[in-house]
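Have the viewer open while you read.

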Amino acid sequence: MLGICRGRRKFLAASLTVLFVPAITWIYLFAGSFEDGKPVSLSPLESQAHSPRYTAPSQRERESLEVRMREVEEENRVLRKQLSLAQSRSPSHHHGNHSKTYSMEEGTGDSESLRAGIVAGNSSECGQQPAVEKCETIHVAIVCAGYNASRDVVTLVKSVLFHRRNPLHFHLIADAIAKQILATLFQTWMVPAVRIDFYDADELKSEVSWIPNKHYSGIYGLMKLVLTKTLPSNLERVIVLDTDITFATDIAELWAVFHKFKGQQVLGLVENQSDWYLGNLWKNHRPWPALGRGYNTGVILLLLDKLRKMKWEQMWRLTAERELMSMLSTSLADQDIFNAVIKQNPFLVYQLPCFWNVQLSDHTRSEQCYRDVSDLKVIHWNSPKKLRVKNKHVEFFRNLYLTFLEYDGNLLRRELFGCPSETDVNNENLQKQLSELDEDDLCYEFRRERFTVHRTHLYFLHYEYEPAADNTDVTLVAQLSMDRLQMLEAICKHWEGPISLALYLSDAEAQQFLRYAQGSEVLMSRHNVGYHIVYKEGQFYPVNLLRNVAMKHISTPYMFLSDIDFLPMYGLYEYLRKSVIQLDLASTKKALIVPAFETLRYRLSFPKSKAELLSMLDMGTLFTFRYHVWTKGHAPTNFAKWRTATTPYRVEWEADFEPYVVVRKDCPEYDRRFVGFGWNKVAHIMELDAQEYEFTVLPNAYMIHMPHAPSFDITKFRSNKQYRICLKTLKEEFQQDMSRHYGFAALKYLTAENNS
């Protein structure tokens, strides 16, 4: 709106200039005003006319004055012409501009500039009518592959959602990894008026794999070339974005630029802001052919319907084949081929103003694209250095990027009022379940938490896992919050096998974790650890939801259900793999118990064998876990028997039993009604018993609980009477559900509870 108003002010200034300059000039030169009946002087020469030394002006001086007068007249004639053109174009607010300079008003179709995009549905005091309908869907295509790119997409989407006022339809060309991550993320994000469609990038590889590419984006950096073939045939236009883009304005402004396309213009692009295509960066630098500086493909407006009619597929393929005969490979992926096509067919391109793609790579002219913060539209981190790029204002851009990086994504779940949304069955069921809850119930918040959908980002860091040939592999499963982050390195040193962790973090904490992990040699050397971020929402710690997320995303047939504040004994991973075979876990319902101990010492010389552990137990350095506050939790393990046991032995379930176990991956999930502290593991072990799992204690396995400050939830349990009342109520309801589900066999749980 400010840009449009500035345009009106320019228009007014030009009008005044045309009206007044000629009049003032002629009055000043000929009529003038008079002092004492004598004309006011026009020059130093005339100021001397009445002095004794003054002589009449020469013929040359008169001619010089006449030349100056003609120049003024010519300037005014040009100004009138410009004003006339501006008046004829005033409905669209276009300014003629054929130059290739990076001004704020750059933007050419047939060399027309776009001073500022039109904000959809945004009325202004300047009376600008919106070029994008209020509920018009804006289509955005993004190519995304791998773990890191998936994180980048989230930041891009946040910046778009923050400013948007229109429904959005994202078309994600993704590999299997990105699809798994982003499908879960958007499903749990539940943003109104946002639709997501996925297209298998791996199926498209054959379309571009014949093109050698040196760019760090690899084969996926070429896939924008095949969007006309990949996207739905009825999709007429789409905005294509790189993953390293940040929006600083409503994307509807960019969508409105489609209305400026004329004739055969089918590609909207910003001119490249580096000297790459000029071929003068170093000796023997030979870039692909391009028109002038070429164009950057980080932001593209594609008129898909016209491109298809022009046989775009054939056009770019023929061009690429011809150029590869001499160039041998691309250096900038799809961008080289787009530019080679445009070089031959310049009529295809509509040049966007450069603020639609402010390119922050080293040695670019990006600083000429903006004069003020309000001028910024799209920031493109198109350097391999990303946030470490050299730019005079890089600190400002970095802070803007970090704002969206750490912005609470839950706040973007806002409705677009007046725009009908597609029916979401999951959301409707959720709302129905919530409506059935009694808000006057004192335990309402506990019950509501069970139905809360937490935004979830799977595999936040790179993950690699090679399945074991003998099919005996075991994944350690745990959950944690920010205050237990320091345990990660120790666990990785004690457990060399795969790990699945669910982390309960805010958006800002997720970035702190990322920096922590990337700065840790121990964590970065381990690629078989899956970090799954469950974003904070609500007042309770959803401990069992976290466990379920970590359990669900394991890649092994067996899992060790642990807690983050326990260190497994050295060699436990290999010992459990052997036990799985020995006890035939594959074909029997068994839960293998790893006996739990604890220390009160923050610095512990960790026992390297069972004999050493027993010695420390006798000396009082170690204790059986929670023997002094919650004996019932681990008493059935029978530690007295374990001391001398050399073979696995079976134990029976007892009330409040909550051991740490190894089970098959198909074991039941944890019950989500239990949040925070209390009964979260007890209920799970009870269900295993109800399903007739056999509890077997491993004689040469152990784990040790490390000391830490009490959690916030245990503090609430101890200090809040209502918390304890609600927990008791939830226990009773759980037991009743067990009885209904498992029948007569489940009655023992009620009896055991009453006798305990």
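## The buried pair

Cys443 and Cys726 are both buried (under 20% relative accessible area, with over 50% called exposed and partly exposed in between, using a 1.4 Å probe and protein chains only). They form a disulfide, with the sulfur atoms 2.1 Å apart; the cut-off for a disulfide is a pair of cysteine sulfur atoms within 2.5 Å. The link is left-handed, at -95° about the S-S bond. Cys443 sits in the loop between α13 and α14 (444–449) and Cys726 in helix α24 (residues 721–742), so the bond ties together parts 283 residues apart in sequence. Helices here are DSSP runs (H or I, at least four residues), strands likewise (E, at least two), numbered from the N terminus.

This is a predicted model: local features need pLDDT of at least 70 and side-chain atom pairs pLDDT 80 or more, while totals for chains, interfaces and linings use all residues. Residues are numbered from 1 along each chain as its sequence is written, and side-chain values use heavy atoms, leaving out hydrogens and water.

## The other disulfide

The whole structure has 2 disulfides. Cys135 is joined to Cys419, S to S 2.2 Å, in a left-handed link with -90° about the S-S bond. Cys135 is in the loop between β4 (112–114) and β5 (138–144), and Cys419 in the loop between α12 (394–405) and α13 (425–435), 284 residues apart. Cys135 counts as partly exposed because its relative accessibility is 29%, whereas Cys419, at 9%, counts as buried.
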